[in-house]
Amino acid sequence: YNIDASIFNENNSFSVNLFVGTHGAFIQARTLLFLGLPEPQEIEAWGLLEALKWTKSMNLANVTYELD
């Protein structure tokens with residue numbers, strides 16, 4: 001699971017990008033867009049929370065999360 005975030009100052013928004021793969025094989029990706037500009041550390045935490053929720057909804061187990 002790879003989690004990345006992007007900040008868009010001009011639009012007062014940020015995105016969380018989630019990528020799921022196994023042993024180098026791509027499975028699924030998701031991008032979520034949010035309004036507001038929290039601190040970068042909060043955005044990364046938000047990304048982890050969204051990844052945890054998505055992992056649960058897909059019934060995945062033994063997941064490793066990678067953040068910047």
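A pocket, as the word is used here, is an open set of grid points with protein on both sides within 12 Å along at least five of seven lines. Keep that in mind as we walk through this structure, which is a predicted model.

Let's start with the pocket itself. The largest one holds about 180 Å³ of space. Its lining includes Tyr-1, Ile-27 and Glu-66, along with the run Leu-60, Ala-61, Asn-62, Val-63 and Thr-64. Val-20, Gly-21 and Thr-22 belong to the lining too. Strand 2 gives the largest share of this lining, with three residues. By type, the lining residues divide into six nonpolar, four polar and one charged.

To find one point of contact, look at Val-16, whose bridge partner in strand 3 is Leu-32. The two strands form a hairpin with two residues between them, and there His-23 takes a positive phi near 50°.

Now let's turn to helix 1. Side chains of opposite charge can pair when their charged atoms come close. A search of the whole structure finds one salt bridge, and Glu-50 forms it with Lys-53, their closest N and O atoms being 3.2 Å apart. The two residues are about one helical turn from each other because they sit three residues apart in helix 1, residues 40-57.

Note on methods: Residues are numbered from 1 along each chain as its sequence is written. This is a predicted model: local features need pLDDT of at least 70, side-chain atom pairs count only at pLDDT 80 or more; totals for chains, interfaces and linings use all residues. Side-chain values use heavy atoms; hydrogens and water are left out. Two strands pair if DSSP finds at least two bridges between them. Helices (H or I, at least four residues) and strands (E, at least two) are DSSP runs, numbered from the N terminus. A salt bridge is a side-chain nitrogen of Lys or Arg within 4 Å of a carboxyl oxygen of Asp or Glu. On a 1 Å grid over the protein atoms alone, a cavity is a set of points where a 1.4 Å probe fits but cannot get out, and a pocket is an open set with protein on both sides within 12 Å along at least five of seven lines; lining residues have an atom within 4 Å of a point. Grid points are joined across faces, edges and corners, and a volume is the space filled by probe spheres set on the points. Ala, Val, Leu, Ile, Met, Phe, Trp, Tyr, Cys and Pro count as nonpolar, Asp, Glu, Lys and Arg as charged, and the others, Gly among them, as polar.
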